[in-house]
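Dear colleague,

Here is the structure I promised to pass on. My notes on it follow below.

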Amino acid sequence: MTWTVTPEHFGTPDALLLRRDYYDEVASRYWKRPATGAEIDEGLTNDGVGLLTPPTGEFLVGRYDGKPASCAGLLLIDAETAELTRVYVRPGFRSTGGGALLLAGIESAARAFGVRRIRLDTRNDLVEARGLYAKHGYREVPAFNQGEYAEHWFAKEL
C-alpha cells in the first residue's frame, strides 16, 4: 500500500470531491450536525481556492493506492511566508502516513517558491490536525489574524 502526493488543479473531479469532503467535515464538526449539500456548496463558493495555483500557490492531492485520499493547499502571503490551508485526510486513510507525506509535499512546494516560513490557523475541535502539525515541527505562535474560526495559530521555519 503506497501514498503519492502530487500537485493537481483544485477543479479536477478528485480534487473537487476532496474539497467537498473537507468542507463537509469541518462544517459538520463546527455546527455539531451534518452539513447539508447546499451549505457545502455555499462554503465552497468564492472560497479563494483560485489562488492555490502558481504563481500564488499550489494545491496537492494525496492518493493511497491510486485512490484520492487527501489534499492540502499552499497560499503565498509574501516572498518569505506561505499559509497552509484545506488540509484534509479522509477518515478511512488516517494513521497511514498520508498526513506526513502531505505536509512534506507542501513544504517542498513552499521551498520551490522560495518560502522560508509556513503558517496556519485552526480550531479547537480539529484535534487530529493540531496533533499532526505539532508532530511535524509546527509550533504554536501568537495570533497573526482575526479569522472567525481561528483559535490556534502555528508556524514552521523551513
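A hairpin joins strand β3 to β4 through four residues. The two strands are antiparallel and pair over six bridges, with β4 covering residues 81-89. Two strands count as paired if DSSP finds at least two bridges between them. Strands here are DSSP runs of E of at least two residues, helices are runs of H or I of at least four, and both are numbered from the N terminus. Within this pair, leucine 75 stands opposite glutamate 83 of β4.

Please note that this is a predicted model: local features need pLDDT of at least 70, side-chain atom pairs count only at pLDDT 80 or more, and totals for chains, interfaces and linings use all residues. Residues are numbered from 1 along each chain as its sequence is written, and side-chain values use heavy atoms, with hydrogens and water left out.

β3 also pairs with β2 (residues 57-64), again antiparallel, through eight bridges. Arginine 63 is opposite proline 68 in β3. β2 and β3 form a hairpin with two residues between them, and in that turn aspartate 65 has a positive phi of about 50°.

Strand β3 spans residues 67-76; seven of its 10 residues are buried, so the strand is largely enclosed by the rest of the structure. Buried means under 20% relative accessible area, exposed over 50%, and partly exposed in between (1.4 Å probe, protein chains only).

Elsewhere, glutamate 42 lies in helix α2, residues 37-44. Glutamate 42 is exposed, at 62% relative accessible area. From glutamate 42 to alanine 79 the separation is 37 residues in sequence and 32 Å in space, C-alpha to C-alpha.

Regards
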